[in-house]
Amino acid sequence: MIPLELSLDDILRALGPAIYETLIMVGISSLATVVLGLPLGVVLFVTQRGGIVANPVLSITLSTIANITRSIPYAILMLSLIPFTRWLTGSSVGPMAACVSLTIGAVPFFARLVESALRDVHPGKVDAAHAMGSTRMQTVTKVLLPEAGPSLIAAITTTVVTLVGYSAMAGLIGGGGLGRLAYNYGYQRFETSVQLITIAILVGMVQLIQMLGDVVIRRVDHR
């Protein structure tokens with residue numbers, strides 16, 4: 001437990017668990033978001049009017065659900081999901097519990113980015129795949145996704161950066177991590193140094209994630 005009067009050593013000892021909890025939240029929710037959001041984004045794209053598996057009813061339904069979820073501020077969404085989170089994880093506090101709301105909040109956001117990335121693929125390449133006898137699944141896996149690769153990496157990078165910010169908000173409502181540290185010991189105890197340190201670490205995380213994303217984009221972009 002952190003003592004009432006914080007020294008530099010106390011702050012440094014508290015940072016370790018806080019950073020670990022933030023990495024757990026961001027890592028697990030990022031992985032779950034990509035696993036769930038990528039196929040959702042593909043479905044949103046291929047089922048739209050004029051898509052390779054056009055299904056207006058399914059497209060409108062999924063689009064509506066995604067839009068409703070995206071329109072709810074994350075803090076409100078997290079509070080609303082407390083009963084579901086408690087049922088799913090057995091607790092409504094802690095990093096693992098926060099991963100539930102983080103994932104649900106980020107999936108529709110990422111799916112829309114995936115949909116936008118697929119729209120950037122030149123229609124002529126899809127037509128060429130059809131002319132060569134590719135199945136719909138082959139068109140998606142061999143043409144759409146590879147051609148949209150750089151944009152998809154950029155979408156993943158943007159989503160992970162967004163989740164870093166969401167994880168800080170989750171800390172204010174029992175999620176743990178750097179957000180809880182900044183609030184409990186920076187804001188409530190008027191320890192400006194704690195706030196500045198946590199801000200600096202979060203900024204560093206975002207910069208590192210963006211730099212890694214840019215490196216991967218340059219490596220996979222052969223256009």
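Tutor: Ground rules first: residues are numbered from 1 along each chain as its sequence is written, and side-chain values use heavy atoms, with hydrogens and water left out. Since the model is predicted, local features need pLDDT of at least 70 and side-chain atom pairs count only at pLDDT 80 or more, while totals for chains, interfaces and linings use all residues.

Student: Okay, let's start with Glu115. Where is Glu115?

Tutor: Glu115 sits in helix α5, residues 95-119. Helices here are DSSP runs (H or I, at least four residues; strands are E, at least two), numbered from the N terminus.

Student: Why is Glu115 called buried?

Tutor: Buried means under 20% relative accessible area, exposed means over 50%, and partly exposed is in between (1.4 Å probe, protein chains only). Glu115 has 4% relative accessibility, so the buried label applies.

Student: Which residues does Glu115 touch, not counting those up to four places away in sequence?

Tutor: Gly41, Leu44, Phe45 and Gln48. Contact means heavy atoms within 4.5 Å.

Student: What makes Arg112 and Glu115 a salt bridge?

Tutor: The term needs a side-chain nitrogen of Lys or Arg within 4 Å of a carboxyl oxygen of Asp or Glu. The N to O distance for Arg112 and Glu115 is 2.6 Å, so the pair meets the cut-off of within 4 Å. Both residues lie in helix α5, 3 residues apart, about one turn of the helix, and both are buried.

Student: Which residues are linked in a network of salt bridges?

Tutor: Arg112, Glu115 and Arg119. The whole structure has 3 salt bridges, one of them between the side chains of Glu147 and Lys125, at 2.7 Å, N to O. That pair links distant parts of the chain, with Glu147 in helix α7 (residues 136-147) and Lys125 in helix α6 (residues 123-131), 22 residues apart.

Student: Why are Glu147 and Lys125 called partly exposed?

Tutor: Glu147 has a relative accessible area of 33%, so it is partly exposed. Lys125 gets that label because its value is 39%.

Student: What makes Leu31, Val35 and Leu36 a patch?

Tutor: Patches take residues with over 30% relative accessible area and no salt bridge; like charges are joined within 9 Å, nonpolar side chains (Val, Leu, Ile, Met, Phe, Trp, Tyr) within 5 Å. Leu36, in helix α1 (residues 8-46), is at 48% and therefore partly exposed. Leu31, Val35 and Leu36 form a nonpolar surface patch with about 310 Å² of accessible area together, by the Shrake-Rupley method with a 1.4 Å probe, where for residues only the protein chains shown count as cover.

Student: Last one: why is Phe84 called partly exposed?

Tutor: Phe84's relative accessible area is 35%, so it gets that label. Phe84 lies in helix α4, residues 82-89, and contacts Val100 and Ile104, leaving aside neighbours within four places in sequence.
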